[in-house]
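Subject: Structure handover

Hello,

Here is the structure I promised to pass on. Please open it and keep it beside you while you read my notes.

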Amino acid sequence: MLRAGSRIVRSPLFLLGVVSVLHAISPLVLVGVHHGFGSDETVYLSQINGSHPATIFSAPRARGLTLLVAPVTVWTSSVPVVRLWLAFLTGVGTFVAFRPWLRLTNPYVVPLAALLFSSLWTTIYYGFEAMPNIYVAYSAVFAVACVLRYRQGGQRRWLAGLFVSMVLLALLRPSDAGYVFVPLFVAAMVLRGLARRDRAWIAGTALLGLVAGAAEWAVEAYVRFGGLLNRVHLAEAEQGKPGALYFSLGKQADVLTGPLLCRGGCHAHAPWWALVWWFAIPVLVAVALFVWRRRPAVMVLPTVVGLALAAEYLVSVGYGAPRFLTPVYALLALPSAVGLVAAVRWLSARAGAPAWRAAVVVGAAAVVLAQIGSQVHIVQSSIVPSTRGKVAEYVKVGEALRAQLPLHQRPCLIAGHDSNPVAFAARCSSYPATPAGLIAADDAGTDVIWLSRHRRLPAPIAHWDTIALTGTGGHSWYAAVEPPAT
């Protein structure tokens, strides 16, 4: 009985489950179940919501994340409930995404890969945030595994898994799905050990999943944005100059300790110790590719898909946001873990005495623990302090608006500074309208508010009444409303 229990505890599947549970718990403990909603979160959370009107859904966004949170938001907007639901989803996502890899490589490497990924501060913080990037990561890792497992055994259930993962990818972020599809399609054409029929099945299934998942985004492009090409153009314009190319690797390195978004006048700079794991990744991946050179597909495919997703953000986005590379880290965690284990084995084999071999293993474990400790330190010392006050302030401003303005009589719309999270807290809709566009909205039977951090108003609404909001925290907030007609 004890031996059976010991085997279960030591099994890779059990260890992966432990990592998944720890991943679900870590943001609840390190960030807090009462951590308020950020600006982007409120957009997704308000779309299907029983108590909040939907805020404007801009061109780049897709509705997959809204569907994931809908089972909760349809009946409550409680911060703890939403956080618990999202933490549960990411715990399940970690387990489901990495489990197929147990039969593709050394099974004990897989829990280590999941640990390396789930212990990154971006993964911890966004583990219960209503943002799509971590679910893109899970979908991409699972899609790659499905291709390799189908190549391994030809079982049709892996084609079904590939279809579902591509649908979810396209629902979450259609552009990311495209960058995953291309290397998977190429792999279907060039992988050894596949019959022509199997190549067609893989390529066709991936394409069908991509089209099915992106269909809603395409239909909405014609309904709301004047066509598919125009929506793509608007999405590019929101990220920078349409069609412009960048090289933002340095900017992504600068934000490895925050902030969550660095564009415009932001000047972030990560300390040297926060960059070490970045430089270790290509070394460990190279070791894995060398070790698996006789069966390269298992290591090459996640690496290529990860680099494709990295290229998307490093070339088409000119600013830094740590969450953008989350799928890249998930895919490269697998060859990185293989490379780390191979390096430890190589050093142990050359260490000689058993004591030295044990020292090598202990040293490697200490390095991994130091990496985890550094990520926890970043969360607690940098990320949480910089975001907690901001999201709490949004709630206070929303409460001040409802207390000082009669917003319960008619529908309300908020524009201006940080309008999305404040509107969510005030139970209003928000819209990135120009001041001139607010006048038309006000004439349509809606209470319109221009939110600002100073009293001076733009010219089209300079005659509006300005109210200083009280009880909003350390910053000054002002709400401008149109004066009553005389």
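First, a term: a helix here is a DSSP run of H or I with at least four residues, and helices are numbered from the N terminus. Please also keep in mind that this is a predicted model.

**A surface patch**

Start with Leu15. Leu15 is found in helix α2, which covers residues 12-32. Its relative accessible area is 32%, so Leu15 is partly exposed. Leu15 also belongs to a nonpolar surface patch.

**Helix α5**

Next, look at α5, residues 79-98. How far apart are its end C-alpha atoms? They are 29 Å apart. The 20 residues should span 28 Å at 1.5 Å a residue, so the two values agree.

Several residues of α5 are buried, among them Val82, Arg83, Leu86, Leu89 and Phe98. What covers the buried residues of α5? The cover includes α2, α3 (39-47), α4 (64-73), α6 (109-118), α8 (133-153) and α16 (326-349).

**Salt bridges**

Side chains of opposite charge can pair when their charged atoms come close. The structure holds nine salt bridges. Here are three of them.

- Arg61 and Asp40 form a salt bridge, with the closest N and O atoms 2.7 Å apart. Arg61 lies in the loop between α3 and α4, and Asp40 lies in helix α3, so the pair ties together parts that are 21 residues apart in sequence. Arg61 counts as buried, at 13% relative accessibility. Asp40 is partly exposed, at 26%.
- Arg83 and Glu41 meet through their side chains, at 2.6 Å from N to O. Arg83 is in helix α5 and Glu41 is in helix α3, so this pair ties together parts that are 42 residues apart in sequence. Arg83 is buried, with a relative accessible area of 0%. Glu41 counts as buried too, at 1%.
- Glu220 and Arg231 form a salt bridge, their closest N and O atoms being 3.3 Å apart. This pair links distant parts of the chain, 11 residues apart: Glu220 is in helix α11 (residues 196-224) and Arg231 is in helix α12 (residues 228-239). Glu220 is buried at 6% relative accessible area, and Arg231 is buried at 0%.

Glu220 and Arg231 are also part of a network of salt bridges. Arg63, Glu216 and Arg224 are linked into that network with them.

**A residue in a loop**

Now find Thr257. Thr257 sits in the loop between α13 (249-254) and α14 (276-291). Is Thr257 buried or exposed? With a relative accessible area of 14%, Thr257 is buried. Leaving aside neighbours within four places in sequence, Thr257 is in contact with Trp121, His269, Ala270, Pro271, Ala274, Ile378, Ser382 and Ile383.

**The sheet**

Finish with the strands. Five of them form an open sheet with mixed pairing, in the order β2-β1-β3-β5-β4. Which strands stand at the edges? They are β2 (429-430) and β4 (465-468). Each has a single partner strand, so one side of each is left without a neighbour in the sheet.

Strand β3 (residues 447-452) pairs with strand β5 (residues 478-481) in the antiparallel sense, over three bridges. Look for Leu451, which stands opposite Ala479 in β5.

Best wishes

Methods. Residues numbered from 1 in each chain as written. Predicted model: local features only at pLDDT ≥ 70, side-chain atom pairs only at ≥ 80, totals over all residues. Heavy atoms only, no water. Patch = residues over 30% accessible without salt bridge, like charges linked within 9 Å, V, L, I, M, F, W, Y side chains within 5 Å. Areas by Shrake-Rupley, 256 points an atom, 1.4 Å probe, with all protein chains shown as cover. Salt bridge = Lys/Arg side-chain N within 4 Å of Asp/Glu carboxyl O. Helix = DSSP H or I, 4+ residues; strand = E, 2+ residues; numbered from the N terminus. Buried < 20%, exposed > 50% of the residue type's maximum accessible area, 1.4 Å probe, protein only. Expected span 1.5 Å × (residues − 1). Contact = heavy atoms within 4.5 Å. Pairing = 2+ DSSP bridges.
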